Amino acid sequence: MRHLTGIAGLTKSDLEKILETAHNFIEVSEREIKKVPTLRGKTIVNLFLEPSTRTRTSFEIAGKRLSADTINISAGDSSTKKGETLLDTARTIEAMAPDVLVVRHKESGAPDFLAKRLKGCAVVNAGDGMHEHPTQALLDLLTLQEHLHSGQPKALSGLKIAIVGDVRHSRVARSNVLGHQLLGNEVRLVGPRTLVPESLKDPDCFGEKVKIFWDLRDGIKGVDIVMVLRMQVERQGRFFIPSTEEYSREYGVTENILKECAPSAVILHPGPMNRGVEITSEVADGPRSLVPKQVRLGVALRMAVLFLLATREKEEPTGEISR
Ligand code: NCD
């Protein structure tokens, strides 16, 4: 693994190796002095050209807990505002010899584009448009592994997961579907036809194996995990739902519906949450919610990804600044 641009392209053993490494990093955040020297002398640049709170903070904390030097660049203070291309910005950063470049971008494919062109540093996708958000899916899997197997790194298989909401525009959903398919779990996609179209079953999308439900109760019946998604309003070019009130009435995940249809299910949400729209506070803050755990374990997962990539064998850097 030279870069991490998506779950697509990973093997099951890559995925298990990342989860196992992450498991071993969890205790670092539980120490009084939350720091290990593992990546001392390494440099990590977080290039975030789209808004982010938890992912950016999580990568920064992960890098710092490993003693790497971490630098954050966000849209407002990057030269892309002055008309510089993404590639020129990335090559300028590359010329300063970072070991890992973490990229969030509104265009799908931006991290892959850079990964193909940068030779000197590893590229990590921290969310690209509607494409993938691999570290979110991996931290979701880590959360399930730690919760369901009480901290023992074990293969996560034979599970049923329902992903509810705006699957069409969600990079989190996409990465999670690919991850769960790799592990052999049953994946159900639940939501209105406009956001969960039949075409998600196409061979160039998720394929026939994925199950589609347009009714919330049917979709979550008997599942082990319900992953609730935020409406990706910023990526919807037009209206996909009549109103948030109507969406909430039909697809809002409530404790009553869970009790009725999936009494033992745990809840995941990547955040940010819109309480009262896709999820009620009773569920989000209740005993079945793994949301705080997801955020907590996200740091360990990102430590693992940064560690594996920053210590890999490198190609010779290009040393070029422009195309
Ligand atoms: C997600 C994202 O940005 O893709 N958030 C996150 O990274 N935790 C999900 C979202 O924005 O709804």
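Predicted model: local features only at pLDDT ≥ 70, side-chain atom pairs only at ≥ 80, totals over all residues.

User: What's the phi of serine 67?

Analyst: Serine 67 isn't a glycine, yet its phi is positive, about 70°.

User: OK, and which residues does the cis peptide bond join?

Analyst: Glycine 271 and proline 272, with omega at about -5°. Proline 272 belongs to the loop between β9 (266-268) and α10 (281-284).

User: On to the ligand. Which residues are around it?

Analyst: The list is Arg54, Thr55, Arg104, His133, Gln136, Arg171, Val172, Arg230, Gln232, Pro270, Gly271 and Pro272. So the two residues of that cis peptide bond, Gly271 and Pro272, are both around the ligand, going by the 4 Å cut-off for being near it.

User: How does that shell split by class?

Analyst: Three nonpolar, five polar and four charged residues.

User: Where are the polar side-chain atoms of arginine 171 and glutamine 232 relative to the ligand?

Analyst: For arginine 171, a polar side-chain atom is 2.7 Å from an oxygen atom of the ligand. For glutamine 232, a polar side-chain atom is 2.8 Å from a ligand oxygen atom.

User: And what about the side chain of glutamine 136?

Analyst: An N or O atom in the glutamine 136 side chain lies 3.2 Å from a nitrogen atom of the ligand.

User: How much of the ligand's accessible area does the protein cover?

Analyst: On its own the ligand has 320 Å² of accessible area, and the protein covers 94% of that.

User: Which pocket does the ligand sit in?

Analyst: The largest pocket. As for the shell around the ligand, α2 (54-65) and α6 (171-182) are the elements that give two or more residues to it.

User: What's the volume of the largest pocket?

Analyst: About 360 Å³. There are 20 residues lining the largest pocket, and the closest to its centre are Arg104, Arg171, Arg230, Gly271 and Pro272. The elements with two or more residues in that lining are α2 and α6.

User: How does the lining of the largest pocket divide?

Analyst: Five nonpolar, eight polar and seven charged residues.

User: Switching over, how much space is in the second largest pocket?

Analyst: About 210 Å³. The second largest pocket has 17 lining residues, with Arg54, Ser58, Val295, Arg296 and Val299 nearest its centre.

User: Which element gives the most to that lining?

Analyst: α11, with seven residues. At least two lining residues come from each of α2, α5 (134-148) and α11 (291-310).

User: And the lining of the second largest pocket by class?

Analyst: Six nonpolar, seven polar and four charged residues.

Note on methods: Residues numbered from 1 in each chain as written. Heavy atoms only, no water. Polar contact = N/O pair within 3.5 Å; in protein donor to acceptor, adjacent residues only side chain to side chain. Areas by Shrake-Rupley, 256 points an atom, 1.4 Å probe, with all protein chains shown as cover. 1 Å grid on protein atoms, 1.4 Å probe; cavity = no way out; pocket = protein on both sides within 12 Å on 5 of 7 lines; lining within 4 Å. Sits in = over half its atoms within 2 Å of the grid points. Helix = DSSP H or I, 4+ residues; strand = E, 2+ residues; numbered from the N terminus. Nonpolar A, V, L, I, M, F, W, Y, C, P; charged D, E, K, R; others polar. Points joined across faces, edges and corners; volume = space filled by probe spheres on them.
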